[in-house]
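Me: I have a model open and would like to go through its labels with you. Could you tell me what stands behind each one?
Reply: Gladly; here it is.

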Amino acid sequence: MSGEIRNPRGAGRKKLPAEEKAVAIKVVLPPKLAEQMYTVIEQKNYRSVAEYIRELLRKELC
């Protein structure tokens, strides 16, 4: 493995079946709401906005 260059993003991985692929969405928030969201993300130690949104959706939909 010495000298081997590895892609940290996982290039070369097997492709996921269509039903397992992620879907990207874009959400536009008013500044005040975004500020409140970032405060919650920081207080609850989420790693990203996406992680926070996924948890909210899982709680609501599952």
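Me: How do you know that the span of α1 agrees with its number of residues?
Reply: The expected span of a helix is 1.5 Å times one less than its number of residues. The 13 residues of α1 should therefore span 18 Å, and its end C-alpha atoms are 18 Å apart, which agrees. Helices here are DSSP runs (H or I, at least four residues), numbered from the N terminus. This is a predicted model, where local features need pLDDT of at least 70, side-chain atom pairs count only at pLDDT 80 or more, and totals for chains, interfaces and linings use all residues. Residues are numbered from 1 along each chain as its sequence is written, and side-chain values use heavy atoms, with hydrogens and water left out.

Me: Which residues of α1 are buried, and what puts them on the same side?
Reply: Buried means under 20% relative accessible area, exposed over 50%, and partly exposed in between (1.4 Å probe, protein chains only). Ala34, Met37 and Ile41 are the buried ones in α1. They cover an arc of only 60° around the axis, taken from the directions from the helix axis to the C-beta atoms, so they lie on the same side of α1. These buried residues pack against α2, while Lys32, Glu42 and Gln43 are exposed on the other side.

Me: Why is Asn45 called exposed?
Reply: Its relative accessibility is 65%, so Asn45 counts as exposed. Asn45 sits in the loop between α1 and α2.

Me: What makes the phi of Asn45 worth a look?
Reply: Phi of Asn45 is near 60°, a positive value in a residue other than glycine. Most residues other than glycine have a negative phi.

Me: Which element gives the most to the lining of the largest pocket?
Reply: That is α2, with nine residues. Lining residues have an atom within 4 Å of a pocket point. By type, the lining divides into 15 nonpolar, no polar and three charged residues, with Asp, Glu, Lys and Arg counting as charged.

Note on methods
Helices (H or I, at least four residues) and strands (E, at least two) are DSSP runs, numbered from the N terminus. Contact means heavy atoms within 4.5 Å.
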